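I opened my notebook to look up how some strands pair. I wanted to see the neighbours of each one.

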Amino acid sequence: MYKKLALAFAFLSSVTAANATNVYNLNGNRVVGEEQIYQIDSNGITTLEYVAAEYHLGLSNMIEANPEVDPIVPLKGLNLVIPTKLILPDTVHEGIIVNSAEMRLYYYNKGKVEVYPIGIGQIGKGTPLAWTTKVERKKAGPTWTPTAAMRAEYAAEGEYLPPVVPAGPDNPMGLYAMYVGKLYAIHGTNADFGIGLRVSHGCVRLRNEDNEELFNKVPVGTRVQFINEPIKTAEEPNGDLYIEVHQPLSRSQSEFDNFDANVPFSFTKSQLEFFKDPRINQDILQRALHERTGRPVLLNPVEF
């Protein structure tokens, strides 16, 4: 599938300029931002990846929000949902939060939160799912030292990897890297796709523009927390109850290969208690859990 997407991303695109931001004010609400609608030019050709990049989203975010749309050749003139409304994870609002399940990184900074789409580790090479650490060091122009297992994997595909890949635009880590803990990094990429997909060897991958922006803002020592929350819930100050549901990460290669099937949830105790709230419309809740659009859903709308 990745090869098809890579070929598709080489198409010329004719679209209107995006009115996008990935910065949200912290105002006491957990639900931030507003959804937008994007109309594909009736005379142009584009892909979901192109539109996702314009709005600081990952490919998976666009696919979840637009499940009936062909990600490679969406119909000309089609209206796309841009999922720029979201629920902030139920964590401390400090430093970097990486939620692998929704393929997003949150950076809390000076009363705002900046949200970036990410690519994460492949099956068996997983990005950490429950871990709190910090930015140990930063490096402009990182080199990449693939492990023996990585070199063997590439060799099996007929591709030679040197013991050390030098810094530069051809380096898979991009031009900037922040090392978190001792074994992982948040870095850029030399690929044209992969943001919102499971493509790395465990590190967190960002588009180069996003990575450079984040690199220049985040100081060494910043707190970094990894979580795996496909379901986010929130009760707003006005009493509105929301849920945002993403497809859980595949736990096996068979689940990953059969991506049309819904991976089962592992509900937490707090989620099960939230679902029992008598204010919740249970039909809306069950539909949200089934559809998994990655979009905040109001569970207690006013009924007339």
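My entries on strands, and on one helix, follow.

Entry 1: I am working with a predicted model. I started with β11, residues 176-180, and β12, residues 184-187. These strands run antiparallel, and four bridges join them. I then looked up a facing pair. V180 stands opposite Y184 in β12. Next I checked the link between the strands. β11 and β12 form a hairpin, with three residues between them.

Entry 2: Does β12 run parallel or antiparallel to β14? I found that β12 and β14 run parallel, joined by two bridges. β14 covers residues 204-205. I noted a partner pair here too: I186 is bridged to V204 in β14.

**Entry 3: an open sheet.** I moved on to three other strands. They form an open sheet in the order β16-β17-β18, with antiparallel pairing. Why is one side of β16 and of β18 left without a neighbour in the sheet? β16 (231-235) and β18 (297-298) stand at the edges and each has a single partner strand, so one side of each has no neighbour in the sheet. I then took a look at β17, residues 241-245. Two bridges join β17 to β18, and the two run antiparallel. In this pair, I243 stands opposite V297 of β18.

**Entry 4: a helix across the sheet.** Which strands does helix α8 lie across? I found that α8, residues 282-291, lies across β16, β17 and β18. I also noted its direction: α8 runs at about 20° to β17.

Note on methods. Residues are numbered from 1 along each chain as its sequence is written. This is a predicted model: local features need pLDDT of at least 70, side-chain atom pairs count only at pLDDT 80 or more; totals for chains, interfaces and linings use all residues. Side-chain values use heavy atoms; hydrogens and water are left out. Two strands pair if DSSP finds at least two bridges between them. Contact means heavy atoms within 4.5 Å. Axes are lines fitted to C-alpha atoms, for helices over the stretch in contact, and angles run from 0 to 180 degrees between N-to-C directions.
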